[in-house]
Amino acid sequence: SVKPATPERPGINPFTKETGIEVVIADTPDLAKVKAQVASKNVEWDVFDAPGAMALAGAAEGFWEPLNKSIVDTSDVYVDYGADYLPYYMYAGGIAWDPKRTAAGKYPTDFAQFFDVAKFPGRRGLRTRISETLDVALLADGVPPEKLYPLDVGLGFKVLEKIKPHVKKWIAETPQTISLLQNNEIDFSFTYNGRVRAAQADGVSIEFSFAQTINALNYLTVLKGSPRREAAMKLVAYTLRPDRAAAFADLLGYTPTVRKAMPLTSAETKKWLPDMQNPRNCVMDDKWWQKNFTALQKRFSEWLLT
């Protein structure tokens, strides 16, 4: 949520320092909770930070406020965006492991190996989010990245059925993709390049494979009926400033979505960005997920309970 800053409730610097607007962060994004807040007109989350499947599905449901173009400048954004959703970085999902626990050659580096429990035995961690998870399952089964969409849903669930007994943790909260590995609760985790980079910087024994990644945009939206719309729009606009977008990339290792930010990112950051020329990598089709996310997430959540 976005609220006026108070001495008792400090916000996120430097945005709060510059604007006097406090930002309170709540994890993890949940479209069902968004729907409940919008329907009840009791909006607690003002800015919603979510992957494309959720952001575009929410747009189809009418959950978001139109972007206030008098505040939000989108002129330098080089990827597709909508009237009520805005991508502010691209992240890469791939495989991570602890090199102190797993010897070279004993860990999976791509999705096919991650699903190959015979050659790479160990406890797996996968997301409870159907988007990404279904894509990864199909890539693991050998579907070429360029032919991934439209997704073969039936095949995807069959592949997930095979790996299900070997998934020790179905992970809802993104930080757990790292902490579960760190705490030796799983051996191999589906996680994100920026998360691994940050963990390494904190001294965590962890490695990430760029041999194959699934790449996706993360979006910001403002909930319909937010009582703090103007403040929320200012936060969205702030993320697009080239200096701020570059600082965010340097902090987390994700790819900015504004052209002028790329030259401002450090050489170290560029080492953590996925190679989009790698034919094994793919970019998620958010438009496909916009049409299919809600129904498939419901099906997946029910499947997880069986």
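Glutamate 185 and lysine 169 form a salt bridge, with the closest N and O atoms 3.8 Å apart. A salt bridge here is a side-chain nitrogen of Lys or Arg within 4 Å of a carboxyl oxygen of Asp or Glu. Glutamate 185 lies in the loop between helix 7 and strand 7 and lysine 169 in strand 6, so the pair ties together parts that are 16 residues apart in sequence. Helices (H or I, at least four residues) and strands (E, at least two) are DSSP runs, numbered from the N terminus. Glutamate 185 is partly exposed, at a relative accessible area of 30%. Lysine 169 is also partly exposed, at 30% relative accessibility. Buried means under 20% relative accessible area, exposed over 50%, and partly exposed in between (1.4 Å probe, protein chains only).

The model is predicted: local features need pLDDT of at least 70, side-chain atom pairs count only at pLDDT 80 or more, and totals for chains, interfaces and linings use all residues. Residues are numbered from 1 along each chain as its sequence is written, and side-chain values use heavy atoms, with hydrogens and water left out.

The salt-bridge count comes to 14. One of these joins arginine 101 to aspartate 98 (3.3 Å, N to O). Arginine 101 is partly exposed, with a relative accessible area of 32%. Aspartate 98 is buried, at 9%. Aspartate 243 and arginine 241 also meet through their side chains, at 3.0 Å from N to O. Aspartate 243 is partly exposed at 33% relative accessibility, and arginine 241 is partly exposed at 30%. A network of salt bridges links Glu18, Arg241, Asp243 and Arg244.

Lysine 169 also has a place in the strand pairing. It stands opposite glycine 125. Strand 5 (residues 124–127) pairs with strand 6 (residues 167–171) in the parallel sense, over 4 bridges. Two strands pair if DSSP finds at least two bridges between them. Strand 5 also runs parallel to strand 7 (residues 188–192), joined by 2 bridges. There, arginine 124 has phenylalanine 188 as its bridge partner. Both faces of strand 5 are covered: Arg124 and Leu126 on one side, and Gly125 and Arg127 on the other, are all buried.

Helix 8 spans residues 193–201. Its buried residues include Asn193, Val196 and Ala199. Strand 4, helix 7, strand 7, strand 8, helix 10 and helix 11 are among the elements that cover the buried residues, contact meaning heavy atoms within 4.5 Å. Glycine 203 follows helix 8 and has a positive phi, near 90°.

The whole structure holds 26 aromatic pairs. Rings of Phe, Tyr and Trp (its six-membered ring) pair if their centres lie within 6.5 Å; planes under 30 degrees apart count as stacked, over 60 as edge-to-face and the rest as tilted. Tyrosine 88 and phenylalanine 248 form a tilted pair, 5.7 Å centre to centre, with 45° between the planes. Tyrosine 88 lies in strand 4 and phenylalanine 248 in helix 10, so the pair ties together parts that are 160 residues apart in sequence. Tyrosine 88 is buried at 10% relative accessibility. Phenylalanine 248 is partly exposed at 26%. Tyrosine 91 and tyrosine 254 pair edge-to-face, at 6.4 Å and 70°. Both are buried. A cluster of ring pairs includes Tyr88, Tyr91, Phe248 and Tyr254.
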